[in-house]
Amino acid sequence: MPLIKFLTLALIYLFAGMAIAAPAKVNINWSNPDNYKDIQKSTGESEQAFRARIASNIQAHMDKLAAGLPENFTLNMDVTNLTLAGNVRTSGAGGAHQDVRVVEDGYRARMSFSYQLRDAGGQALKQGEENLKSPMSGGSISRTAKNEPFEIEKKMLTRWFKNTF
């Protein structure tokens, strides 16, 4: 086989392999969110917008974590309950009342879900049911200076992900 033909075929196979490889994917299904224990909003946005913001923040976080999985793997999650850290209180004086989520001990984040990790061929490698709880910290729950949205819930998921995969 002439060298040019061999190199051409080699490049075709190389690029074909690159096109097939894809980062790991995370699919999150939010089952019956109306029944979740506590996803009460504390901002002026609608309940639907608040739920969409929770879902997009958790999805983006799980996508970052999944970047460490082998290419073409898929993590499927079916969330059946969510309790956000803290509780919602009304604050303000006079007619300027505003709901605020206060994060403190006694109001841990919780998340219940089933999961299944599949390889590139679709074979289930690992699966299970989880009932996660954020840790209690003996006072106010520490937060970073960035005040990351849903930070405690993301830390809880990161800890689970690292311990599971």
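Author: A residue is called buried if its relative accessible area is under 20%, exposed if it is over 50%, and partly exposed in between, with a 1.4 Å probe and protein chains only. At 35% relative accessibility, Arg110 therefore counts as partly exposed.

The model is predicted, so local features need pLDDT of at least 70 and side-chain atom pairs count only at pLDDT 80 or more, while totals for chains, interfaces and linings use all residues. Residues are numbered from 1 along each chain as its sequence is written, and side-chain values use heavy atoms, with hydrogens and water left out.

Helices (H or I, at least four residues) and strands (E, at least two) are DSSP runs, numbered from the N terminus. Arg110 belongs to strand E5, and that strand is the part examined here.

The sheet comes first. Two strands pair if DSSP finds at least two bridges between them. Four strands form an open sheet with mixed pairing, in the order E1-E2-E5-E6. Strand E1 (25-30) and strand E6 (124-133) stand at the edges with a single partner strand each, so one side of each has no neighbour in the sheet. On average, neighbouring strands of this sheet are turned by 15° against each other, direction ignored. Such angles are taken between axes, which are lines fitted to C-alpha atoms (for helices over the stretch in contact), and run from 0 to 180 degrees between N-to-C directions.

On one side of E5 stands strand E2 (residues 74-83), and the two pair in the antiparallel sense over nine bridges. Val79 has Phe113 of E5 as its bridge partner, and Thr83 has Arg110. E2 also pairs with E1, in the parallel sense and over six bridges; there, Ile28 stands opposite Met77 of E2.

E6 is the other partner of E5, and these strands pair in the antiparallel sense over nine bridges. One of the bridges joins Ser112 to Asn131 in E6. E5 and E6 form a hairpin with five residues between them, and Gly122 in the turn has a positive phi of about 90°.

Contact means heavy atoms within 4.5 Å. Leaving aside neighbours within four places in sequence, Arg110 is in contact with Asn81, Leu82, Thr83, Leu132, Lys133 and Met156. Arg110 and Asp38 are 72 residues apart in sequence, but their C-alpha atoms are 9.3 Å apart in space.

Which helices accompany these strands? Helix H2 (residues 47-66) lies across E1, E2 and E5 and runs at about 150° to E1. The buried residues of helix H3 pack against H2, E2, E5 and E6. H3 is mostly covered, since 10 of its 14 residues are buried; among them are Met156, Trp160 and Phe161. From its first C-alpha to its last, H3 reaches 20 Å, close to the 20 Å expected at 1.5 Å a residue; the expected span is 1.5 Å times one less than the number of residues.

Rings of Phe, Tyr and Trp (its six-membered ring) pair if their centres lie within 6.5 Å; planes under 30 degrees apart count as stacked, over 60 as edge-to-face and the rest as tilted. By this rule, the count comes to seven aromatic pairs. The rings of Tyr115 and Trp160 have centres 5.1 Å apart and planes at 75°, so this pair is edge-to-face.

Are the two residues buried or exposed? Tyr115 is buried, with a relative accessible area of 6%, and Trp160 is also buried, at 5%. Trp160 and Phe165 form an edge-to-face pair as well, at 5.4 Å centre to centre with 85° between the planes. Phe165 is partly exposed, with a relative accessible area of 30%. Ring pairs link Phe113, Tyr115, Trp160, Phe161 and Phe165 into a cluster.

At 15% relative accessibility, Phe73 counts as buried. Apart from its neighbours within four places in sequence, Phe73 is in contact with residues including Lys25, Leu117, Arg118 and Leu125. Phe73 and Val26 are 47 residues apart in sequence and 8.7 Å apart in space, C-alpha to C-alpha.
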